[in-house]
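Me: Could you go through this model with me? I'd like to begin with the ligand and then move on to the backbone.

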Amino acid sequence: MSDQDRRFDPKNHASLSSAGREARWQPARLLGSLGIQPSQAVLDMGCGPGFWTLPLAEIVGAEGIVWALDVSPEMLDALAQRHPPAQVHALLSELPRINLPDASVDWIWGAFVVHEVGSLADLVKEMRRVLRPGGRIGVLDWRPDAVHDDGPPRHHRLDPETIRRALREGGFRLLPTAWEHEDAYLILAVLE
Ligand SMILES: C[S@@+](CC[C@H](N)C(=O)[O-])C[C@H]1O[C@@H](n2cnc3c(N)ncnc32)[C@H](O)[C@@H]1O
């Protein structure tokens, strides 16, 4: 299966900004619990039309930066149409490649994207390269055993242990999280 077969169809981008989704994932609340600080530089991998990008911009404020990375120009256009604040910078890049300099971000956030990227080991290597020492990662993705039937086909999803193992092998230390959801998992890690 190619990466493209797993990729979210950008024609359906409006569904990523729905009120129902807001109620389900509560992005401001979830991101607000992670400890991201004002003035930090955050990378939003697979940002889509900005469901997580905009609350991230609120948290880091005008002195911070949010790199909104996506492979789809259509998704980045949809983000631009939402008039994000100046600290949001769109970045057209195809993961696992992250088109940023070494040691340039404090946090990497990736929601519902890691299962769409072919090489997990290469992605972990890139995340390590662009993070500053002590930088952190948050990965939110679909549970293969989710209660509800929406989301990507179950055979496209990644077992959370696969991601945890790749992060440990890539030099990250896993961090505890109390966040739980019947349809998704959250993985937090710090670069050692
Ligand atoms: C399911 S959407 C999630 C969007 C957003 N994170 C959210 O939760 O609203 C996945 C996003 O990742 C992007 N994406 C998929 N594969 C990618 C890749 N290899 N490189 C960069 N972006 C990718 C898609 O274009 C899409 O915008």
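**Ligand shell and backbone**

Reply: Gly 46, Gly 48, Phe 51, Val 71 and Leu 95 come nearest among the 21 residues around the ligand, where a residue counts as near if its C-beta atom, placed from the backbone, lies within 6 Å of the molecule. This is a predicted model, in which local features need pLDDT of at least 70 and side-chain atom pairs count only at pLDDT 80 or more, while totals for chains, interfaces and linings use all residues. Residues are numbered from 1 along each chain as its sequence is written.

Me: How many of the shell residues are nonpolar, polar and charged?

Reply: The shell around the ligand has 13 nonpolar, three polar and five charged residues, with Ala, Val, Leu, Ile, Met, Phe, Trp, Tyr, Cys and Pro counted as nonpolar, Asp, Glu, Lys and Arg as charged, and the others, Gly among them, as polar.

Me: Back to Leu 95, what kind of peptide bond joins it to Pro 96?

Reply: That bond is cis, with omega at about 15°, whereas most peptide bonds are trans.

Me: Is Gln 26 buried or partly exposed?

Reply: Gln 26 is partly exposed, because it has 13 C-beta neighbours inside 10 Å; buried means 20 or more other C-beta atoms within 10 Å of a residue's own, exposed means 12 or fewer, and partly exposed lies in between, with C-beta atoms placed from the backbone. Ala 103 is also partly exposed, with 14 other C-beta atoms within 10 Å.
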